[in-house]
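Subject: Handing over the structure, with notes

Dear colleague,

I am passing this structure on to you, and I would be glad if you could read the notes with the model open beside them.

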Amino acid sequence: MTQPLLSVRDLHVNFGTGEGDVQAVRGVSFDIGRGETLAIVGESGSGKSVTASAIMRLNFGADVRVSGSALFEGQDILAMSEEEVRLKRGSDIAMIFQDPLTALNPFYTVGNQIAEAYAIHHHGTSKKELRDLVLDSISKVGIPEPLKRINQYPHEFSGGMRQRIVIAMALINRPKLLIADEPTTALDVTVQAQILELISAMQEEHGSAVILITHDLGVVAEVTKRVLVMYAGRLVEVASVEDVFSSPTHPYTRGLLNSVRSLDSERHSHLEPIPGTPPSLIDLPSGCPFHSRCLYAASLNGRCSTEVPELKAVGNSFSACHLPTAELLSLVKAAQ
Amino acid sequence: MTNTNEAVRYMFYFVARRTFFAVVLLFVVSVFTFWIFSALPADPAALTCGKNCRPEVIEANRVRLGYDKPFIEQYGSYMKGIFAGRTYGEDESGIHCSAPSLGYSYDRHECVSSLVAKTLPVTVSIAVGAFVLWMFFGIALGTLAALRRGKWPDHLATVFSVVGISFPSFFLGLLSVLIFVIWTNILPFPHYVGISENPMKWFTALILPWFVLALLSASTYIRLTRNGILEVMNEEFVRLGIAKGLPRKKLIVKYVLRAALTPIATIAGIDLAFLLGGAIVTESVFNLPGLGKLTIAAVVNSDLPILVATTLVSAVFIVIANAFVDIMYGFLDPRVRSK
Amino acid sequence: MKRNRIIAAIATAGLFFSACGGSGMGAQSGEETGGRSATADGIKDGGTLYVLTFQEGASNLDPQRVYTGAELGAYGSTYARTLTSYVPAAGKEGAGVVPDMATDLGTASEDLKTWSFTLRDGVTWEDGSDVTCGDIAYGISRTFAAEVTAGEGPMYATTYLDIAEGDSDFGSAYPGPWLATAEQQALFDAAVACDGTTITFHLKVPVADFAYTVSLLAFGPVPQAQDTADQYALKPFSNGPFKIESYEAGKEMVMVRNENWNPDSDPVRKPHVDKIIWQYGVDEAVIDERMLADSGDDQNAIVYGGIQPENLQTVFGDDSLKDRRTDGFDGFVSYTMFNNETVNCIEVRQAIWLGLDREALRTAAGGPFTGEFAKSFVAPLLATDYEAATLVDGLNEDGTPNVEAATAALDKAKTACPELHARATGEGLRFDHPDSASWQKNIAIWIDSLKAVGVNIIDNPIEPSKYYATINGDRGDLMRSGWAADWANASTVIPELFGAGGGFNYTNNEKDPNFPAFDEKVQLAKSETDRAKQASLWKELNQVIMDNAWAIPGSATKSQNLVGSNVRLAYQWMPFGWYNLGAIGLAG
Ligand SMILES: Nc1ncnc2c1ncn2[C@@H]1O[C@H](COP(=O)(O)OP(=O)(O)OP(=O)(O)O)[C@@H](O)[C@H]1O
Ligand SMILES: [Mg+2]
């Protein structure tokens with residue numbers, strides 16, 4: 001097998017706070033190949049953003065502890081010097097944030113900010129060259145009148161337009177990996193689709209790999225091939241997008257599917273939220289973190305509340321559940 | 001480029017509008033100030049009269065000085081005096097104060113405008129020097145404290161803040177005089193000399209007051225800067241800046257400080273304006289003959305003409321500073337400009 | 001307002017600083033005359049003398065308007081010569097008057113209503129021109145100009161000079177030099193006549209001590225050509241050994257030697273220093289610290305304004321400061337006047353006197369260092385005329401109230417004057433006082449201590465600037481005041497405060513049946529030329545006032561001072577209660 005672009009192994013992220021340690025990510029491992037698209041889904045607070053940030057070493061705070069490894073083209077990002085990481089940021093790995101309204105610096109024109117993103121990693125670029133590059137990138141993301149627009153400030157743009165600018169900025173250095181952390185959540189429904197399309201188109205053009213973080217399974221269906229499902233800082237299921245939708249193996253994934261209105265399927269047209277709330281990351285329950293909300297936990301004689309389930313192969317997917325594989329598969333079948 | 005022209009025109013309207021409001025505000029403030037002082041129980045006519053005063057003398061002086069006239073008329077003559085000068089008293093013993101006349105102080109035996117002209121440079125010297133110092137130290141220490149959060153610069157900043165907040169300025173002033181002047185003789189006792197007369201003496205007279213005032217205000221600015229920076233550091237656009245791969249220095253200056261200091265600049269403008277109205281306690285402790293001391297002496301002696309004038313001068317400073325700060329904010333923050 | 005806050009706060013700081021001043025708890029107030037600093041020991045001519053003061057400026061530099069004891073002495077000894085002056089000496093001797101610009105102490109007519117003086121040769125202004133008789137007459141005429149001199153200075157010119165009454169602001173037919181018509185000016189020129197170097201004063205009343213009167217700066221010369229009306233107070237023209245080089249209130253005054261002063265023409269002044277610099281507006285706490293540290297130029301400094309109460313223990317508890325400190329009377333006596341027309345019953349007045357907690361009042365002011373309980377309206381400094389009077393029977397020596405005696409007196413009042421008694425114990429008596437922080441404290445003591453006796457006090461604070469103007473018209477039952485003699489003669493105390501038409505008599509005692517006999521004696525004393533006899537008359541009169549309880553004496557106030565270690569000849573000059581500034585010298 002060829003070396004994956006990024007290989008994350010046993011990633012842990014802890015935040016020391018006044019109330020205690022927040023164990024935001026606990027032993028996450030996954031790979032992503034060149035040009036591949038991967039989605040991370042999960043409820044709010046499950047650790048998606050923290051995982052993504054860890055890849056770029058963007059977790060800040062007074063007491064942050066990150067362990068594990070994140071090999072990018074064979075080099076461990078988590079072990080690099082600050083300067084080495086900086087040189088990767090924005091050039092090899094770029095990021096798109098959730099809220100385009102706050103992601104742009106209000107004090108500088110958008111042209112300036114896009115140009116800056118390029119100039120940081122390309123010293124000695126002439127003004128003229130920069131300007132052309134910026135104009136080109138901004139028209140590529142579909143912003144009309146680029147000549148006028150580059151001299152405007154972020155507040156003069158709509159939310160969708162701003163996200164286009166953020167994308168233009170992220171892609172100007174043709175990154176090998178693009179991390180998009182809920183790029184459409186803050187946008188109008190009509191704009192959401194356009195932005196997703198744009199990301200896909202850009203990805204195709206540049207051949208970048210994309211990690212798309214979302215809690216919207218509808219979005220996942222549109223653009224990705226492989227899905228990681230997170231719950232309370234752990235991966236609970238890893239599967240192809242088809243399998244996640246057609247045969248979700250983990251009870252949590254199933255609950256998650258039930259709770260959203262799928263975009264392309266009539267089957268799950270009613271909303272059925274998962275009962276209960278996610279556990280506190282400071283005071284984690286023993287055993288499977290999902291056990292208190294799980295319909296099947298009772299049938300396992302307390303195993304769920306004492307033993308942490310590891311990811312295991314269930315059909316084509318991987319699932320972290322104590323239910324015997326056969327039972328899981330039969331549950332899948334029953335659902336179909 | 002059309003775009004720039006538009007921006008210039010925009011700025012022009014913005015500045016014009018703010019200036020107009022400032023002028024209107026000044027007018028309102030002047031009427032109000034004048035009215036307040038005319039409503040005070042202290043009788044300006046009685047104040048021109050000594051111990052052996054007789055009611056007849058007070059009445060005669062009242063007429064002579066125009067305090068018997070209705071308020072509007074008094075205000076009118078005052079305003080006219082500002083633009084055209086005014087003579088106080090009618091016979092040969094009358095005293096002429098040329099424009100801009102702000103009244104005549106019978107207690108000081110001088111035109112108030114010349115008193116202001118004499119004291120203002122002192123206050124400006126104190127204020128500007130202290131301002132430069134406290135902005136420098138406030139921002140530098142505040143930035144260090146924010147960037148080295150929880151480390152020694154942060155602790156030092158906390159010490160500064162505690163000193164600045166809990167020690168009254170007269171105490172720090174007195175302490176500094178004791179230490180540097182009386183006990184160690186490092187510096188002469190502050191005795192103000194104009195900068196044009198002797199820059200060295202000017203400097204040595206002001207260095208203590210500058211530091212004391214700066215120490216006091218710096219604590220506020222350390223806090224403002226530190227908190228501002230920490231707040232901005234959590235902003236999404238700063239994270240995006242980091243994600244772009246911005247070098248740290250550039251990130252701090254272009255992203256963090258720019259955003260954190262813009263609101264501080266406006267606060268600083270107003271603070272400076274207040275200080276220009278007279279640093280009362282500091283001027284008293286260090287015996288610097290500035291506007292603040294003039295005002296305090298006028299309060300003690302109920303010298304109304306001086307009080308009216310110094311109040312107006314302070315108000316002018318504050319109104320101008322407000323307008324200036326607004327306009328400056330417009331330049332600094334593109335979001336404000338387009339509103 | 002502000003100052004009080006600063007002082008209060010510094011009082012706490014004082015605890016902190018006293019650690020380095022050595023502890024001197026238990027220091028007592030007593031007479032101290034300055035030790036070596038009052039002598040000429042090691043004196044050398046030249047140098048710069050500094051005067052540190054918290055005052056923002058001179059009370060007034062205009063000779064016709066100065067009326068502050070210390071400043072009268074300071075300016076008279078430096079730039080403002082007069083016809084006569086006080087003897088430049090410490091102690092009782094300093095209260096004597098000697099010729100200054102005049103050749104002698106003046107010649108009076110038989111009826112003491114005409115006085116003439118002859119000017120010495122060689123008395124010059126700072127520009128070298130002669131001081132003329134006309135300059136003196138012009139200076140005196142300025143007192144009449146209400147619009148300029150405004151009653152800020154003493155008014156003896158208007159009460160003594162023989163000019164008809166009229167409708168000018170001071171009730172004279174002469175309105176001062178600026179407003180006078182030719183005829184009005186003639187009235188003045190007749191009263192103050194010049195004939196060459198001889199100046200003759202025509203008075204409407206006999207004045208025995210007119211030689212003292214003309215020692216007041218208000219009777220000093222002003223050259224008309226230099227007169228800038230109100231602004232003359234910024235740069236008065238000098239005829240003395242020093243002239244004013246610059247004056248800026250809030251900052252400083254620089255006095256330098258007047259090259260055109262002719263020592264041969266001046267038998268009184270012996271200047272030593274080259275320059276006197278007044279530093280205005282220095283914080284009082286800073287002044288004390290500087291004087292205690294005694295370093296650099298501060299060794300050549302004196303203070304105008306005294307020592308902060310919280311530092312008195314340090315200064316008077318440390319014997320090494322013996323040669324630099326003074327403690328003595330400042331010439332003032334504070335007192336409370338009765339309106340004897342409304343409080344027309346001696347029993348009530350005595351009851352109030354007996355029941356008043358004078359000790360609490362003195363403690364509120366700062367304790368024994370601030371003064372002694374007065375036993376005369378004449379200050380002890382006026383040694384010639386001072387004698388402790390016999391005070392009301394039963395009055396406690398230590399200033400505490402004698403409630404028993406007071407109640408007894410009040411009981412007598414019940415039958416003697418039932419109406420007043422009813423008002424005093426019922427609705428209450430109105431007390432007029434300036435509305436100041438210290439008086440807010442004082443009035444509370446008045447109210448509380450008299451309540452114990454059964455007398456009610458109605459507090460009537462008056463805006464300070466309007467105080468005297470107010471009680472000139474509408475008087476309450478009690479009024480506070482303070483007074484110092486204008487010259488070393490009780491003629492400026494007893495007639496002024498209690499005599500008929502006295503400039504400061506707010507007591508309405510004319511209505512008292514005992515008044516005619518009293519005033520007759522006052523007139524007698526005023527025209528008594530034998531000083532010793534006159535003095536005994538004043539003492540008798542003072543006793544009469546006490547016997548009638550027309551007013552309650554408060555404190556004979558004291559002041560304490562500290563000078564730099566190089567300062568010499570800094571003696572307390574009796575008539576002024578401060579130093580003879582022009583005479584001070586510095587040790588090499
Ligand atoms: N700097 C930090 N300090 C302390 N706790 C943090 C910090 N950053 C994240 N967390 C906590 O870590 C947990 C995971 O957060 P994360 O942002 O990864 O969630 P998410 O899955 O991205 O959720 P969402 O869908 O709401 O974005 C949350 O409970 C969050 O409160
Ligand atoms: Mg997130």
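This is a predicted model: local features need pLDDT of at least 70, side-chain atom pairs count only at pLDDT 80 or more; totals for chains, interfaces and linings use all residues.

Residues are numbered from 1 along each chain as its sequence is written, chains are lettered from A and ligands numbered from 1 in the order in which they are written, and side-chain values use heavy atoms, with hydrogens and water left out.

Chains A and B

Contact here means heavy atoms within 4.5 Å, and on that basis 28 residues of chain A are in contact with 24 residues of chain B. The buried area, which is the accessible area (1.4 Å probe) that two parts lose on being put together, summed over both, is about 2,600 Å² between chain A and chain B, with carbon and sulfur atoms giving 61% of that figure. On the side of chain A, the residues that lose the most area to chain B are Phe97(A), Phe107(A) and Glu116(A), which together make up 27% of what that side buries.

Side chains of opposite charge can pair when their charged atoms come close. A salt bridge is counted when a side-chain nitrogen of Lys or Arg lies within 4 Å of a carboxyl oxygen of Asp or Glu, and the rule finds two salt bridges across the interface of chain A and chain B. Glu116(A) takes part in a salt bridge with Lys254(B), where the closest N and O atoms are 2.7 Å apart. Helices (H or I, at least four residues) and strands (E, at least two) are DSSP runs, numbered from the N terminus; the elements that give two or more residues to the side of chain A that touches chain B are strand 6 (93-96), helix 3 (100-103) and helix 4 (110-121) of chain A. Helix 4 of chain A gives the largest share of that side, six residues.

Chains C and B

How many residues of chain C are in contact with chain B? There are 57 residues of chain C in contact with 54 residues of chain B, and the area buried between these two chains is about 4,700 Å², of which carbon and sulfur atoms give 63%. The rule finds two salt bridges across this interface, and Glu56(C) and Lys293(B) meet in a salt bridge through their side chains (3.5 Å, N to O). The elements of chain C that give two or more residues to the side touching chain B are helix 1 (2-17), helix 7 (284-293) and helix 14 (467-473), and the largest share, seven residues, comes from helix 1 of chain C.

Salt bridges within chains

Over all chains the count comes to 51 salt bridges. In chain A, Arg226(A) forms a salt bridge with Glu36(A), with the closest N and O atoms 2.9 Å apart. This pair links distant parts of the chain, 190 residues apart, since Arg226(A) is in strand 9 (residues 226-231) and Glu36(A) is in the loop between strand 2 (20-32) and strand 3 (37-41) of chain A.

In chain C, Asp266(C) forms a salt bridge with Arg269(C), the closest N and O atoms being 3.0 Å apart. Buried means under 20% relative accessible area, exposed over 50%, and partly exposed in between (1.4 Å probe, protein chains only); Asp266(C) counts as buried because its relative accessibility is 3%, and Arg269(C) is also buried, with a relative accessible area of 8%.

Parts of chain B

Cys111(B) is found in strand 4 (residues 110-111) of chain B, and it counts as buried because its relative accessibility is 10%. Not counting residues up to four places away in sequence, Cys111(B) touches His96(B), Cys97(B), Gly103(B), Tyr104(B) and Gln231(C). Ser113(B), by contrast, is found in helix 5 (residues 112-147) of chain B, and Ser113(B) is buried, with a relative accessible area of 17%.

With best wishes
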